[in-house]
Each structure stands twice: as C-alpha cells, then as structure tokens.
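The following note sets out several points for discussion. Please read it alongside the sequence and the structure shown here.

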Amino acid sequence: VAGQRVYVFSSIYAPRTVDATIVHQWELYDDTTRSWTEIDRLPFFVSGGRRSGFRGFTYKTVVPAGKWRVNVATLDGRIFGRQAFEVVHVAEPVETIVIVE
C-alpha cells in the first residue's frame, strides 16, 4: 500500500571485537537501461557483538513499484550480502512475507 515502509533486516556474524559501519545500498532496476540504479545508501553502526551476531535494519517509505535489491556492504563498497525483491503496489494491505535465508 502506498506510504507503507519496506524493511531490510541484516544479521551479520563477526568477532565480538568488531566495530564497523554497515551500509544498506538500495538499488532499483531500470528496464530501459537494463541496469541497477542506486537510490539510497543507508548506514548503520555495529559494535561489541553478541553470540548470535550483529543485527540491523533500514527502511524506506517512498518505494516505487519494480525490481529492487539491497546490497549489504562495508563503507568502502565491499558487498557481502544481497536481498532481491519486487515491490507491487496494491490498494489494501496484504499478508507480510518474511524471507529467512
């Protein structure tokens, strides 16, 4: 439904001594150019660690319909994870789907 948030959640397993900034790089596929365009770059800081790893999420509220992907990356651009999905606009809310890989 227009105006609702789209979330991407990351769980990162790293040593307890790691302090790092992680980036969710939101990209939209452009059918005309057949390429991915970066729409947003949302950082979040992880520190200290825990037995189950670091967790973080970002979200967007204005999300055009289309094919999306979110790269999970370091500040210097090294990608170590990715989630792809498609946004379809509907008139009424639908059941939330959670993907766990």
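**Note on the predicted model**

Residues are numbered from 1 along each chain as its sequence is written.

1. The segment after strand 6 (79-87) holds Val90; strands are DSSP runs of E with at least two residues, numbered from the N terminus. Val90 counts as partly exposed because its relative accessibility is 34% (buried means under 20% relative accessible area, exposed over 50%, partly exposed in between, with a 1.4 Å probe and protein chains only).

2. Val88 is also found in the segment after strand 6, and it is exposed, with a relative accessible area of 57%. In sequence Val88 is 21 residues from Lys67, and the C-alpha to C-alpha separation in space is 9.0 Å.

3. Val88 and Val90 belong with Val1 and Val94 to a nonpolar surface patch, whose accessible area together is about 320 Å². Such a patch is made of residues with over 30% relative accessible area and no salt bridge, nonpolar side chains being joined within 5 Å and like charges within 9 Å. A salt bridge here is a side-chain nitrogen of Lys or Arg within 4 Å of a carboxyl oxygen of Asp or Glu, and areas come from the Shrake-Rupley method with a 1.4 Å probe.

4. The largest nonpolar core has eight residues: Val8, Trp26, Leu28, Leu42, Val63, Trp68, Val70 and Val87 (buried Ala, Val, Leu, Ile, Met, Phe, Trp, Tyr and Cys residues joined through side-chain atoms within 4.5 Å). At least two residues of this core come from each of strand 2 (19-30) and strand 5 (66-74). A second, separate core has six residues, among them Ile12, Phe44, Val46 and Val72.

5. Which residues does Thr58 contact, neighbours within four places in sequence left aside? They are Val6, Tyr7, Val8, His24, Trp26, Leu42 and Phe44, contact meaning heavy atoms within 4.5 Å. Thr58 lies in strand 4 (residues 54-60) and is buried, at 6% relative accessible area. Its side chain makes a polar contact with the side chain of His24 at 2.7 Å (a pair of N or O atoms within 3.5 Å; within protein, one must be able to donate a hydrogen and the other to accept it, and residues adjacent in sequence count only if both atoms are side-chain atoms).

6. Arg34 has a positive phi, near 55 degrees, in a residue other than glycine. Arg34 sits in the loop between strand 2 and strand 3 (35-47).

Terms used: Predicted model: local features only at pLDDT ≥ 70, side-chain atom pairs only at ≥ 80, totals over all residues. Heavy atoms only, no water. Helix = DSSP H or I, 4+ residues; strand = E, 2+ residues; numbered from the N terminus.
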